[in-house]
Amino acid sequence: PVSLPFAVGQCGNQVGCRFWDLALREHAAVNKKGIYDESLSSFFRNVDTRSGGDGPDIYKGKICSLKARALLIDMEEGVVNEILQGPLRDVFDSKQLITDVSGSGNNWAVGHKLYGYQYRENIVEKLRKTAEHCDCLQCFFIIHSMGGGTGSGLGTFVLNLLEDEFPEVYRFVTSVYPSGEDDVITSPYNSVLAMKELNEHADCVLPIENESLFDIVNKIHQMINSGKLGSTVKQNSLVTSSAGSTKTVQEKPFDAMNNIVANLLLNLTSSARFEGSLNMDLNEISMNLVPFPRLHYLVSSLTPLYTLADVNVPSRRLDQMFSDAFSRDHQLIQTDPKHSLYLACALLVRGNVQVSDLRRNIERLKPSLHFVSWNQEGWKTGLCSVPPVGHSHSLLALANNTCVKPTFIELKDRFMKLYKKKAHLHHYLHIDGMEQSCFSEAISSLSDLIEEYNELDATKGGPRTDPSRLKIAV
Amino acid sequence: MSIVTVQLGQCGNQIGHEVFNALCSDVHGTHGLCSKKENESYHDACKERFFSEEESEVPVARAVLVDMEPKVISQTLSIAARSGYWKYDDRSHFCQKQGSGNNWANGYSVHGPRHKEVIMNLVQKEAEKCDRLGGFFTIMSMAGGTGSGLGAFVTQCLRDAFPTSFILNHVIWPYGTGEVIVQNYNSLLTLSHLYQSSDALLVHENDVIHKICAQLMKIKQISFRDVNQVIAHQLGSVFQPTYTAEGGSHYSRNPLGDLMETLVPHPEFKMLGLRNIPQMPENSLPYSTFSWPGLIKHLRQMLIANAKMEEGIDWQVRPPQLGSSIPSSHSTNKPLHFNTSIANLVILRGKDMHNVDLGSFRDPSLYTSWLNPQDAFNAWKTPRAFNKYEKSAALVSNSQFLLKPLDNVVGKAWNMFASKAYIHQYTKFGIEEEDFLDSFTALEQVISSYTIL
């Protein structure tokens, strides 16, 4: 089944670029014969370019020219132009790009209302064309940041549009949330306005915080430089690494962080692309991890962050991987799931890991985690045989946990600080279609969400009385 | 008579493949330990039941493969063909691309009706290949979306299209600590629907088979393949040819019919459990000796004490004293752990099975009062050893074996239902709260019926 990523805005496209690069690397490592197969078709079309330009799609046989299934949207040209001049230029064609020159000025309203309105038809047309080439479209991915104007505003506009045009296709969103010290002053406005859209129109959201990515990058640097481990680390196994991909230029500062997010997406879709003894498709993730429609924010953690060169991995090391997935060091968002309430948890394992390894570790970790009363054994598991490049196995954990509540409360507080003073509001309100009510509705939506988490938290640690069973006449 | 197997979903297809493998390798094995004539007879009977002879050099499994995503079927087809011993019919499969998303409603209400015609055409084709159709064997898990939801729908279609054929559903009970979070909902809906169209449900529990792999087969890193191979072995021990009548001169022609007749006297009681003894790693076989009295003794105690395997049996459990029996079947007399049976079937395979004393299985105190002990117990035999075990015995039991697992699943599903968690995922595809309540009612009824045996 096909997944169609939309990279929107500067952050979205920078991550997107790393994603395509690493996807090619992953498939190149697995696909030795150069045959265009089912797994490649999830992300790439095979195009016959012999007649020049954009030829017809080839569905079977040898790989001719791979084109990414994607839409790259940005209201500034910088990032997208760089992609088109870089080593990935042949992977995209102009029909997949939607760009403008002036940017959104870190203003959600400009992105959503102004550019949304302006580019709607263009986006729909390109979306339809791209979707036409897909045999079976299962999922859209939106990759964007919440704090700016394009990713946040136009990105959520696209989200709405996707629901209108393709209501049956799942909508997964990877959102980079701004930190407290974000240098964009209006980021709380942009984020909260975007949150309302995510609440109402996304099937699943994977919130990510730059701080977490930054910490992971640092941790890896420390590990390598400290020489503590005494063995060499496989370069291409770093979750932050571009090694082996097409990138030959000196890595830019955000590349390492963006690679982490790219790896998240690769792992998330691995079981849909590659075979395994217990497949886990994206629609299953949504089904199992979203018990109530609006509670669809998932905390993700990735392990391992790197692999040592020694090949023999005893099962104790394997168990360490599971423990790591539940440690805060490996999370992509700064929350504390262990002290909050799990509503549901998914473990997607890749590589030479069997069901007994899964069971052993679930049994081991379960006692230290608090699960909601109606889902005491709420684990969704998947086993994919193909590990990521450079690793013998890996684990992606996705948790629906009330620990996201503090993050949202903080966001709300930052928003209110500005809103109470009406700071910068005029920049938004003078955009056609923006009214004060947009703000009040957005904050209300966020408050409601926080309240839903509150109600669940209230059940934590309480006495367990299971509801009495149905009585039937004997 | 031939059996048409319908493999549904990832689990159904993975297991189905191991089953045909096990049947084939047993037939080709040189460990039959019986006369050449016997062996040939066995071979022919097995072939007729499960394989068809076509222009290809290898036998072709009588099976229809169904899945809503392509990876598993494509793997299954190619691995089977590579074995060189058997294969599937290249056209006898149907798959889509989307999967069912672990959503029973999606499998049942969307995929089912949408693909009914294509799937039933494939089934019809396989049925027509049979000289005489003995019935259908479907393999599915309850936890996911395709095997469970689409499986329930297909079973209904089979019942409608073949009203007089036997339908046996092989159902995989998922691990208790979860493979799928909504597995209890999916299981609830599957069981309640199957109960309406199926003749019997033959159940394998993942937790139980996992323990067998760990403790008996001594496998360190247990994979689903290991689990599936044990399941296939157990199924083979039931479905390979046997003589159902004492002094019978030919292998039974109607295995599914015979099974139903012996084990399912009443439509309220359709849950069948399966035990098999002995189970050990292949390399231990040459060093082990077996005696029929020993095997029978263990198997009987496994029945009475509801033991899942031949280790860790509780020998303290005893059948109740019959002297103080009360005509009503309420269990005030029976010790709490005693597993009451409605009907049992023991299958003996191997040397010297002629004179095996099965009197202990005929003990009336094992059974509810409403059947004659003669009718409640049956034995099938063959001197032909199965799958390298010089002697082996299988027990198919309609008893309280599955009462606790059923009660657990319904309890957990009810707990989740009370909070309304995940219900929106089902109503999205047309399964409403009312449908859940109907299923709860149906299964509480089954639980109640089995409890008061």
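## A walk through a predicted two-chain model

At 6% relative accessibility, His233(B) counts as buried (buried means under 20% relative accessible area, exposed over 50% and partly exposed in between, with a 1.4 Å probe and protein chains only). This is a predicted model, in which local features need pLDDT of at least 70 and side-chain atom pairs count only at pLDDT 80 or more, while totals for chains, interfaces and linings use all residues. Residues are numbered from 1 along each chain as its sequence is written, chains are lettered from A and ligands numbered from 1 in the order in which they are written, and side-chain values use heavy atoms, with hydrogens and water left out.

### Around His233(B)

His233(B) is found in helix α8 (residues 224–239) of chain B; helices (H or I, at least four residues) and strands (E, at least two) are DSSP runs, numbered from the N terminus. Leaving aside residues up to four places away in sequence, His233(B) touches Asn276(B), Gln279(B), Phe386(B), Asn387(B) and Tyr389(B), where contact means heavy atoms within 4.5 Å. Ser192(B) lies 41 residues from His233(B) along the chain, and 28 Å separates their C-alpha atoms.

One of those neighbours, Asn387(B), has a backbone feature to look at: its phi is positive, about 50°, although it is not a glycine. Asn387(B) is in the loop between β12 (377–382) and β13 (391–399) of chain B. With a relative accessible area of 18%, Asn387(B) is buried.

Lys420(B) also has a positive phi, near 65°, in a residue other than glycine. Its place is in the loop between α13 and α14 of chain B. Lys420(B) counts as partly exposed, at 33% relative accessibility.

| Peptide bond | Omega |
|---|---|
| Thr303(A) to Pro304(A), cis | near -10° |
| Ile277(B) to Pro278(B), cis | about -5° |

Pro304(A) is in the loop between β9 (299–303) and α9 (315–325) of chain A. Pro278(B) is in the loop between β10 (271–277) and α10 (292–304) of chain B.

### Inside chain A

Strand β7 (residues 170–177) of chain A is largely enclosed by the rest of the structure, because eight of its eight residues are buried. In a regular strand the side chains alternate between the two faces of the sheet. On one side of β7(A) are Tyr170(A), Phe172(A), Thr174(A) and Val176(A), on the other Arg171(A), Val173(A), Ser175(A) and Tyr177(A), and both faces are covered. Strand β6 (residues 137–145) of chain A runs parallel to β7(A), with seven bridges joining them; two strands pair if DSSP finds at least two bridges between them. Within this pairing, Ser145(A) stands opposite Val176(A).

Helix α10 (residues 355–365) of chain A is also largely enclosed by the rest of the structure, as eight of its eleven residues are buried. The buried residues of α10(A) are Val355(A), Ser356(A), Asp357(A), Leu358(A), Arg359(A), Asn361(A), Ile362(A) and Leu365(A).

Asn31(A) sits in the loop between α1 (9–30) and β2 (44–47) of chain A. Asn31(A) counts as buried, at 16% relative accessibility. Its side chain reaches the backbone oxygen of Ile35(A) at 2.8 Å. Not counting residues up to four places away in sequence, Asn31(A) touches Asp37(A), Leu40(A) and Ile63(A).

### Where the chains meet

The size of an interface is often given as the accessible area lost when the parts come together. Between chain B and chain A the buried area is about 4400 Å², with carbon and sulfur atoms giving 52%; buried area is the accessible area (1.4 Å probe) that two parts lose on being put together, summed over both. Chain B brings 52 residues to the contact and chain A 57 residues.

Five salt bridges cross the interface, a salt bridge being a side-chain nitrogen of Lys or Arg within 4 Å of a carboxyl oxygen of Asp or Glu. Glu38(A) and Lys97(B) form a salt bridge, with the closest N and O atoms 3.2 Å apart.

Which helices of chain B each supply at least two residues of the side that touches chain A? They are α1 (9–28), α3 (70–83), α13 (403–418), α14 (423–427) and α15 (433–451). α13(B) gives the most to that side, with eight residues.

Key. A polar contact is a pair of N or O atoms within 3.5 Å; within protein, one must be able to donate a hydrogen and the other to accept it, and residues adjacent in sequence count only if both atoms are side-chain atoms.
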